[in-house]
Amino acid sequence: MIAEQAVAQLGSIENLVTLTAEQFTSGSLILMFSYGAHFAFILFFLMMSLQLAPRYRIVPILSAVVMASAGLSLLREFNLWQSSYELVAGVYRPLAENQSFTNAFRYGNWTITVPILLTQLAIAFGIARPDLHKRALRMIVPAVLMIWTGLYGQFGETGDWSRFNIWGVISTVFFVWLIIEVRGVISIGVANSPAELKAWPKNIWWYFLATWGIYPIAYALPQLGFNGDVVVIRQLLFSVADISSKLIYGLILSRYVLRRSALEGYVPAAEALETSPLGSAVASRRGD
């Protein structure tokens, strides 16, 4: 009984579930792909910043910071996954050498990266200071509260369902608050965007809802049962959400500000958007 209580206090179902070889390998590959994808795009975002008008360069630079931070966090998760399971009689048992697994490092990383992602949005849409700072703060406050209350609740996922669900609901309330604030920034983005780009903020809004909406699903998944499939699927959902809401989101915002830079007359951006050497040369001569 004491041993079971001690395991329950570890707060992650990964510490209660024995995995097959296929499940363990799948989890390893998911985490490896996740941190590898983030690390791979650090240099890309830094180089892309050179093509943008100076006022927009911070957007892909911030994406590079997010890639580094998320990559390091996911690498830590991968190493924990490898060290907290041991192969015994053909299956992978948790708590190898008293090493426990936790998803808490994801929450720690989200506390760093989510404020950056939200600030990127306000910068990309050309919101002027001091309104930029106010709008960013209004998004960051509910976002951080959402993350921290979700973290507190997830420590109940090994069976304390009242704690798990109550704090999950509280976290969702902050998520709704965040959505309202993001919608306000999107509306400003539509108003501020050139006519050719007004569809971009609208599409980003739907993309935001779709990708960020994966996280609550992953959070709630342990209630389906303590088994290897749930463990692996949750890691998959977390990783899909991270790549979508950080890496692909960064690519979308960077492409948006690239087009905006070109429309505002920044020659390197116009050249980058041309698909032929002749078109690039013409863009340079015209200065657009």
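Leaving aside its neighbours within four places in sequence, with which residues is Ser 73 in contact? Ser 73 is in contact with Phe 105, Arg 106 and Asn 109, where contact means heavy atoms within 4.5 Å. Its place is in helix H4, residues 58-84, and with a relative accessible area of 11% Ser 73 is buried. Here buried means under 20% relative accessible area, exposed over 50%, and partly exposed in between, with a 1.4 Å probe and protein chains only.

The structure is a predicted model, in which local features need pLDDT of at least 70 and side-chain atom pairs count only at pLDDT 80 or more, while totals for chains, interfaces and linings use all residues. Residues are numbered from 1 along each chain as its sequence is written, and side-chain values use heavy atoms, with hydrogens and water left out.

**Overall architecture**

The protein chain contains twelve helices and two strands; these are DSSP runs numbered from the N terminus, helices being H or I of at least four residues and strands E of at least two. From the N terminus on, the order of elements is α-α-α-α-β-β-α-α-α-α-α-α-α-α. The C-alpha atoms fill a box of roughly 75 × 40 × 25 Å, taken along the principal axes. Of the 288 residues, 49% count as buried. Among contacts with a separation of 6 or more, 76% are between residues 24 or more positions apart. Across the chain, Ser 26 of helix H2 (residues 21-40) has its C-alpha atom 9.0 Å from that of Leu 236, 210 residues apart along the sequence. Ser 26 is partly exposed, with a relative accessible area of 31%.

**Nonpolar cores**

A nonpolar core is a set of buried Ala, Val, Leu, Ile, Met, Phe, Trp, Tyr and Cys residues joined through side-chain atoms within 4.5 Å. The largest one has 58 residues, of which Leu 118, Leu 121, Leu 178, Val 182 and Trp 212 touch the most other members. Leaving aside its neighbours within four places in sequence, Leu 121 is in contact with Val 182, Val 185, Ile 186, Ile 204, Tyr 249 and Leu 253. Apart from this core lies another, of 16 residues, including Ile 13, Leu 80, Val 230 and Val 231.

**The hairpin and the loops**

Strands S1 (residues 85-88) and S2 run antiparallel and are joined by four bridges; two strands pair if DSSP finds at least two bridges between them. The bridge partner of Tyr 85 in S2 is Pro 94, and that of Leu 87 is Tyr 92. In a regular strand the side chains alternate between the two faces of the sheet. In S2 (residues 91-94), Tyr 92 and Pro 94 form the covered face, whereas Val 91 and Arg 93 form the uncovered one. The two strands form a hairpin with two residues between them, and Ala 89 in the turn has a positive phi.

Positive phi values also occur at Leu 95 and at Asn 98. The table lists these residues.

| Residue | Location | Phi |
|---|---|---|
| Ala 89 | turn between S1 and S2 | about 55° |

Leu 95 counts as partly exposed at 25% relative accessibility, whereas Asn 98 is exposed at 78%. A further backbone feature is the cis peptide bond from Arg 129 to Pro 130, with omega near 0°. Pro 130 is placed in the loop between helix H5 (104-124) and helix H6 (131-154).
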